[in-house]
Amino acid sequence: MRAGAAALFILALGGCTAVIVPPPAPERPLRAAILDHGRHSSLMLELPAGEGLVRYSYGDWDWYALGRTGVGQGSAALLWPTQAALGRRRYAIPAVAPSEMPAAAVAPLRVPVEQAFWFAAEEDRVRTLVGELDAVFAANEATKVYNPAFDLEFVHYPASYTLTDNSNARVAEWATALGADIQGSVLLSAWALRERQ
């Protein structure tokens, strides 16, 4: 019964798009991107001082971190709160022209990227968000596992993964922390970028 209701709820939102309105022009810009992987999203950030790139992702622990993708695990993740996972991976900045960097940055990812929505964020906001997420990672280091399917290391995240607190909602929250405005539904990985007026 609950599975059917959840499926209808998802179908009803199938046409909903989350619109990303980038922050006002930053004084010290760093690049950020919401990566649309089809069913889920992740966030890629340029680190200060040429330290490379970092990608963060969020999801259900069993499904995403442990790779248990059976019907039971999928149903559990949709129907009731489960242990959440925070994924992280650092990358070198590609040695390409700045105009080619966005495409080159996602090339080494082992998970498909349907679209990448790049925008500029203020360096201080990037530092703050990276510090917060890395602190969660450090505090939960004992739970760390590597999933080669996503090429990410995962740790327990101190929250419950739910249908409405999924990867897309969490990425929208992180983008908001960078100063972006997110308008519309974030339940599904359906994004659009609109310039700030």
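## Salt bridges in a predicted model

Let's start with Glu153: its relative accessibility is 29%, so it counts as partly exposed. Keep in mind that the model here is a predicted one. The partner of Glu153 is Lys144, and their side chains meet in a salt bridge at 3.8 Å, N to O. Lys144 is partly exposed too, at 34% relative accessibility.

| Pair | N to O distance |
|---|---|
| Lys144 and Glu153 | 3.8 Å |
| Arg89 and Asp151 | 3.2 Å |
| Arg28 and Glu122 | 3.9 Å |

Now for Arg89 and Asp151, which form a salt bridge. Arg89 sits in strand S5 (residues 82-91), while Asp151 is found in the loop between strand S7 (145-147) and strand S8 (152-161), so this pair ties together parts that are 62 residues apart in sequence. As for accessibility, Arg89 is partly exposed with a relative accessible area of 30%, whereas Asp151 counts as buried at 6%.

Then there's Arg28, which meets Glu122 in a salt bridge. Arg28 belongs to the loop between strand S1 (18-21) and strand S2 (29-36), and Glu122 to strand S6 (residues 115-122), so the two tie together parts that are 94 residues apart in sequence. Arg28 comes out as partly exposed, at 39% relative accessibility.

Arg28 and Glu122 also turn up in a network: salt bridges that share partners join them with Glu123, Asp124 and Arg127.

Notes:
Residues are numbered from 1 along each chain as its sequence is written. This is a predicted model: local features need pLDDT of at least 70, side-chain atom pairs count only at pLDDT 80 or more; totals for chains, interfaces and linings use all residues. Side-chain values use heavy atoms; hydrogens and water are left out. A salt bridge is a side-chain nitrogen of Lys or Arg within 4 Å of a carboxyl oxygen of Asp or Glu. Helices (H or I, at least four residues) and strands (E, at least two) are DSSP runs, numbered from the N terminus. Buried means under 20% relative accessible area, exposed over 50%, partly exposed in between (1.4 Å probe, protein chains only).
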